[in-house]
Amino acid sequence: MKTILSLLFLISSTVLFGQAMGWIKGTVTDAQTGEGVPFVKVKLLNADSTLIGGVISDVDGVYVLNALNPGAYILSFESIEHKHLSLRAIVNSEKITFQDVKLEKEVIELEEVRVMASRQIQKMPGVKLPSFQSVRDVKKMNTESYSKIDENTFIAVKSDPLSTFSIDVDRASYSNVRRFLEELTLPPIDAVRIEEMVNYFPYHYPAPSGDTPFTLQTEYTECPWNTAHQLVKIGMHSQDIDASKAAPNNLVFLIDVSGSMASEDKLPLLKKGLYLLIDQLREEDKVSIVVYAGAAGVVLTPTSGMMKDKIKAVIEKLESGGSTAGGEGIELAYSIAKSQFITNGNNRIILATDGDFNVGVSSEGDLIRLIEEKREQGIFLSVLGFGTGNLQDSKMEKLADRGNGNYNYIDNMQEAKKVLVEEMGGTLITVAKDVKLQVEFNPNLVKGYRLIGYENRSLEDDEFNNDKVDAGDLGAGHTVTAFYELIPAGSTEVLPGIDSLKYQSTNTPNGQYGNEIMTIKVRYKAPNGVVSKLFSLPVNADIKPFNSTSADMQFAASVVEFGLLLRSSSFKGNASFQHVIETAQNALGDEKNDYRAEFVRLVRIAESLTNKR
């Protein structure tokens, strides 16, 4: 909803690549009631009153003007039921200019306002006015949901020296956070999953060369947001496999075509992304398409990847409309996947939706049990999330996790290309499944530890050796990164937890293992295996100054620090947006015009929004 009403309705400002731009954001409120005024036409004019662009305020009265050259502008506010207002605004490079306004009201009946607003918005191409009885009804339409995250706390090594978790290569949180920030809004705290933000970026870890399908790399340094602590990064890199020589794919696209998918950032964006994916398919790959809304149906029976024009023609005809019966659609998709099952191939459902499973014939529990059952039969599930307003993030993440798949959020065409073309080959090719990590800390060197993120991937210590316990899968060419914040053994910091043990000896001898700060163990199965293999790596206590670590270490740590700030974490210490920016800029490397540079821009936006708050 917010994205639709923020579409440009006049000629947009020219955006020059690489030029430092600024933003204007504000809220239009009623001078008498203090409530936000929706559907205000905000015109953007040069200092000489030349019209150059504009937007429509959303249902809360919020407006955003993006990518503006630094300088002086005139803003004109036109509301059907209020007196017009003009004022001057200054835009600075890479800064947000906050310009809130109050409008005096004209006496007009609400129904007349609704009709006039409808006419005004319908004149704008691509913008649809939702049906509602009043403005207040529209304000209730945002039903996005996120699972509450209780951050990992520090744990005393002497009482609990083991930390166990499943790997996670989901990246949805970062692109979703980016969506909020680009709308000049701070994301909900529980939308910020730090491990997904860190793992969004590629890192330059060494590729495996032996029989083990991955490598482990560690770096040990001082903690930049708390100098009394230390920081360990664990980096994993899986083997690369030529996608053109990979096993054949049996792909069933399960596409949500319900009414909630109508906006440009949902079904239309998905269709454009699928065109790119279809171009990558081979003759031996099979594609089927199931759609669901009021009912589920097959719109493309299993078709060879060579029949690209046929597949694209079916995608082109997809239109949204109706309520959502997600459960029924999933059952049908699994039925097709099973009928076309390829032994030793990649059999996968790819669910594309805004997550609005609100009229399904099955409960969420039934869906999860179905997904887990099919997972054991070799049919995996990946999820692509789209859009705003009703994104069911928590549900979509849970479905992908239980289906041995990945969850990605696609907010623009660049992300669609990244997920569906650049990374899809690795996503479809599993090199190791049920990958678990267990870290044992040396109490002579570490007093306490905290795993940063991975809260929903935590495992009990005894589950590490239990091959029946499901864990994350590792795709070809994937990197996985995890951070531990450590309290050194000599610290006087008091840790919460149980009292000291009276009879147990918890110290290790200062002999053979005296210089090992910890040992990392990894259990994993072959893609079609049922028995896990064990890989172990001791980590020496060779600590480096933070500025002497690799660019990957510094950049990834800056992403962690940014996540701590966005979450207003109790563990953020002396973290600051300025330090994040300085650290990230120093670690751009050869990717100055790539995702790392975009990250710096997003941090600047968050800093401005936080200062405003």
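Two strands pair if DSSP finds at least two bridges between them; helices (H or I, at least four residues) and strands (E, at least two) are DSSP runs, numbered from the N terminus. The model here is predicted: local features need pLDDT of at least 70, side-chain atom pairs count only at pLDDT 80 or more, and totals for chains, interfaces and linings use all residues. Residues are numbered from 1 along each chain as its sequence is written, and side-chain values use heavy atoms, leaving out hydrogens and water.

**Exercise 1.** Find the bridge partner of Val 252 in strand 16, then the one in strand 14.

*Solution.* Start with strand 16 (residues 346-353), which pairs with strand 13 in the parallel sense over 7 bridges. There, Val 252 has Ile 349 as its partner. Now turn to strand 14 (residues 286-292), which runs parallel to strand 13 and is joined to it by 7 bridges. On that side the partner of Val 252 is Ser 288.

**Exercise 2.** Decide how Phe 154 and Phe 571 are arranged as an aromatic pair, and work out which parts they tie together.

*Solution.* First, the rule: rings of Phe, Tyr and Trp (its six-membered ring) pair if their centres lie within 6.5 Å, with planes under 30 degrees apart stacked, over 60 edge-to-face and the rest tilted. Next, the values: 5.7 Å centre to centre and 75° between the planes, so the pair is edge-to-face. Then locate the residues: Phe 154 is in the loop between helix 3 and strand 9, and Phe 571 in the loop between helix 13 and helix 14, so the pair ties together parts 417 residues apart in sequence.

**Exercise 3.** Is Phe 154 buried or exposed?

*Solution.* Buried means under 20% relative accessible area, exposed over 50%, partly exposed in between (1.4 Å probe, protein chains only). Phe 154 has 9% relative accessibility, so this residue counts as buried.
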